[in-house]
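Me: I am new to this structure and would like to go through its sheet and its helix packing step by step. Please take the questions in turn.

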Amino acid sequence: MYVRTLTLRDFRSWDQVDLELSPGRTVFLGANGNGKTNLVEAVGYLSTLGSHRVAADAPLIRLGAQRSRLGATVVNSGRELRIDVELNQGSANRAQINRSPVRRTREILGILQTVLFAPEDLALVRGDPSERRRFLDELCTARLPRLAGVRSDYDRVLRQRSALLKTAGRQARSRSGQATELSTLDVWDGHLATHGAELLAQRLRLVNDLYPHLEQSYRSIAPESRTASIRYRSGYLPPEFLDPARPPEAQDVEVLEAIMLRELSEARPKELERGVCLVGPHRDDLELMLGSAPAKGFASHGESWSFALALRLSAFELLRGMGTDPVLMLDDVFAELDRHRRSALAAVAATAEQVLITAAVPEDVPAELEATPLRVETDGAADERTSHIADQVSPTTS
Ligand SMILES: Nc1ncnc2c1ncn2[C@@H]1O[C@H](COP(=O)(O)OP(=O)(O)OP(=O)(O)O)[C@@H](O)[C@H]1O
Ligand SMILES: [Mg+2]
C-alpha cells in the first residue's frame with residue numbers, strides 16, 4: 001500500500017500542508033527542527049492512533065490551535081480509501097472514512113499499515129517492558145484491527161479493578177464492608193480474564209509468527225553477532241505457552257482465560273494487600289535474547305540498535321506476508337548505522353512499495369535508494385516557526 005496524499009492542519013510545526021506522494025522512496029530533507037519527523041509522526045498517527053514520541057495527543061496540536069486535522073488517501077492494491085482524524089483540545093477526537101464520520105476513531109485502524117523505525121526505538125531494547133508490550137500490541141492490532149477494542153476494554157477493566165482493589169484492601173484492613181467489595185471483585189476478575197485471555201492469545205500467536213523473521217532479520221543486519229531470539233515473558237503462564245515455537249491452538253483463549261481466573265484467585269490476598277493488579281498481560285514482557293544473554297543490560301550500543309532494527313524489519317516482513325506491503329518509514333536512522341547495517345536496511349527499503357525517509361543531509365541516505373527529495377524548511381520567528389515544503393526540489397540524492 002502507499003499514501004498518495006497527506007493533509008495536515010495545525011499538526012505540530014505544520015499549519016497546513018497538502019502533500020502528494022508517490023510509491024517508491026521519498027526523503028524529507030532539512031535542517032534539525034524543521035518538521036521532518038513531524039510528517040512521519042502524522043502518518044504513523046493515522047496508522048496507529050498514537051505517536052511514537054509522546055503518550056498524549058496534546059503536544060501534537062500546533063501551539064495556539066484548538067484542534068489539529070490529519071488526513072491521508074491510502075492506495076491498497078488499486079483501491080483508494082480516505083481517512084481523516086481530528087484531534088481536539090479538551091474534547092474527544094473524531095475520525096472519518098471516505099468523509100463519513102465513524103462512531104469510534106479506532107474504526108480507521110487497519111486501513112493504513114505502517115512500520116516506523118526511529119531513534120526512539122532504542123527503548124525497545126533498553127527501555128521498560130511497557131515499550132515492548134506496545135510494540136506487540138500495535139503489531140497485533142495491525143494484523144487484527146478488532147483487537148483495538150479488546151485492548152481498550154482490557155485497559156478500562158484493569159483501571160476499575162485496580163481502583164476496587166485499593167478500596168477493598170483498605171476496607172479489609174479496617175474489617176468493614178468486605179463482602180460486597182469482594183463479590184464485586186469476582187465480577188471484575190471475570191471481565192479481566194475474558195479480555196486478557198484474548199489479548200494474550202494474540203500476543204502469543206504473534207511471537208510464534210514473528211520469531212523466525214526476527215532471527216533472520218537480525219542475522220542479515222549483524223551476521224557476525226550472536227543469534228537473536230525472542231520469547232514471551234509472563235509470571236503466571238505455564239512454560240509451554242512461553243515457548244515461541246509452540247503453535248497456537250484453537251482452544252487457547254478458553255485455556256488462557258481459565259489460567260488467568262485461577263491465578264487471579266490465588267493472587268487475591270497479595271493483591272488486596274498491595275492494592276495492585278498482579279496478574280494479566282499488563283504485567284508481561286517480551287524477552288530479547290542475544291545468544292544466551294538478555295539483550296537488555298548486556299547488548300552493546302550497536303547490538304541494541306541492530307536488535308531494534310531487526311524487530312521493526314521482522315514486523316515489516318510479517319505484515320508484508322499478509323498480502324500488502326506496509327508503508328516503511330525510516331526516521332533519521334541511516335546516519336546511526338555502520339556500512340553493513342545501512343546496506344542491509346537499504347536492501348529491504350529497495351523492495352518496499354513505499355518508503356518515507358527523513359534525513360538532515362542527502363549524504364545520510366544510501367545513494368542506491370534513489371530517493372525523491374522533498375525539502376522541508378521553516379520560517380517565522382521563535383515560537384511562531386512554521387514548516388513548509390520548499391517549492392524548489394533539490395537535485396536527487398543519488
Ligand atoms: N505542538 C507544536 N506546535 C508547534 N511547533 C511544534 C509542536 N511540536 C513540535 N513543534 C516544533 O517542531 C519542531 C520539531 O520538528 P521535528 O521533530 O519534525 O524536526 P526534524 O526536522 O525531524 O528535526 P531533526 O533533524 O532534529 O530530527 C521543533 O522546532 C518544535 O518546536
Ligand atoms: Mg527528526
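Me: In what order do the six strands of the open sheet lie?

Reply: This is a predicted model, in which local features need pLDDT of at least 70, side-chain atom pairs count only at pLDDT 80 or more, and totals for chains, interfaces and linings use all residues. Residues are numbered from 1 along each chain as its sequence is written, chains are lettered from A and ligands numbered from 1 in the order in which they are written, and side-chain values use heavy atoms, leaving out hydrogens and water. Strands (E, at least two residues) and helices (H or I, at least four) are DSSP runs numbered from the N terminus, and two strands pair if DSSP finds at least two bridges between them. With mixed pairing, the order is β8-β12-β13-β3-β14-β15.

Me: Which strands are the edge strands?

Reply: An edge strand here pairs on one side only.

Me: In which sense do β12 and β13 pair, parallel or antiparallel?

Reply: Strands of a sheet pair through backbone hydrogen bonds, in either of two senses, parallel or antiparallel. Strand β12 (residues 327-331) and strand β13 (residues 354-359) are joined over four bridges, and Met329 stands opposite Leu356 in β13. Their sense is parallel.

Me: How is α3 oriented relative to α9?

Reply: Angles run from 0 to 180 degrees between N-to-C directions, with axes fitted to C-alpha atoms, for helices over the stretch in contact. Helix α3 (residues 129-143) and helix α9 (residues 301-320) pack at about 15 degrees, their axes 11 Å apart. Because angles under 35 degrees count as roughly parallel, over 145 as roughly antiparallel, 65 to 115 as roughly perpendicular and the rest as oblique, α3 is roughly parallel to α9.
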